[in-house]
Amino acid sequence: MIDEYPVLFVAAAFADGRTVARGAEELRVKESDRIAAMAAALTANGVAVETFEDGAAITGTGGDPIPGGATIASHLDHRIAMSMVVAGLGARDAVTIDDVSPIATSYPGFFASLDQLAAQSVSPA
């Protein structure tokens, strides 16, 4: 589950209440410190985040949009970039990511897939 923590943190930003994720100290020594990077990105976009050495606690909006409006650093980590793109979909103001090119590393069709999902979600039944 280590690689999924960034998007879990984003899901937690929209959840009800406080989500606590622990036991993920390995995130501190990956390509980037993903705990610190995601905490900084979410905090900059108006999400309440408390970090621990092995994880984070995130207070969700209960389904409301996050404020957004910040530019974040992807740290050349495709997981952080993709997660924050998803966060931006639920933000009042645009979330800007400094470099999304690393996304092609693991999911070259990511933006095409998002476009398809967006088209399906607004189509009449």
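Which side chains does a polar contact of 3.4 Å join? In this predicted model, the contact links the side chains of His-78 and Ser-106. His-78 lies in helix H3. With a relative accessibility of 13%, His-78 counts as buried, because the cut-off for burial is under 20%. Its surroundings extend beyond Ser-106. His-78 also touches Pro-102, Ile-103 and Thr-105, with residues up to four places away in sequence left out of the count.

The loop between S5 and H3 was examined next. His-75 is placed in this loop. The residue is not a glycine, yet His-75 has a positive phi of about 55 degrees. Its relative accessibility is 44%, so His-75 counts as partly exposed. Leu-76 is found in the loop between S5 and H3 as well. Leu-76 also takes a positive phi of about 55 degrees, although it is not a glycine. At 60% relative accessibility, Leu-76 counts as exposed. The cut-off for that class is over 50%.

Helices H1 and H2 form a packed pair. H1 covers residues 5-14 and H2 covers residues 34-44. Their axes are 10 Å apart and meet at an angle of about 30 degrees. H1 is therefore roughly parallel to H2, a label given to angles under 35 degrees. The crossing of the two helices is right-handed. On the H1 side, the contact is made by Pro-6, Phe-9, Val-10 and Ala-13. On the H2 side, Arg-34, Ile-35, Met-38 and Leu-42 take part. Of the residues in this contact, 7 are nonpolar, 1 is charged and none is polar.

At the start of the helix, Asp-33 places a side-chain oxygen within 3.2 Å of the backbone nitrogen of Ile-35. Just after the helix, Gly-46 adopts a positive phi of about 90 degrees.

Methods. Residues are numbered from 1 along each chain as its sequence is written. This is a predicted model: local features need pLDDT of at least 70, side-chain atom pairs count only at pLDDT 80 or more; totals for chains, interfaces and linings use all residues. Side-chain values use heavy atoms; hydrogens and water are left out. Axes are lines fitted to C-alpha atoms, for helices over the stretch in contact, and angles run from 0 to 180 degrees between N-to-C directions. Helices (H or I, at least four residues) and strands (E, at least two) are DSSP runs, numbered from the N terminus. Angles under 35 degrees count as roughly parallel, over 145 as roughly antiparallel, 65 to 115 as roughly perpendicular and the rest as oblique. A crossing is left-handed if the near helix is turned anticlockwise from the far one by less than a right angle, and right-handed if clockwise. Contact means heavy atoms within 4.5 Å. Ala, Val, Leu, Ile, Met, Phe, Trp, Tyr, Cys and Pro count as nonpolar, Asp, Glu, Lys and Arg as charged, and the others, Gly among them, as polar. A polar contact is a pair of N or O atoms within 3.5 Å; within protein, one must be able to donate a hydrogen and the other to accept it, and residues adjacent in sequence count only if both atoms are side-chain atoms. Buried means under 20% relative accessible area, exposed over 50%, partly exposed in between (1.4 Å probe, protein chains only).
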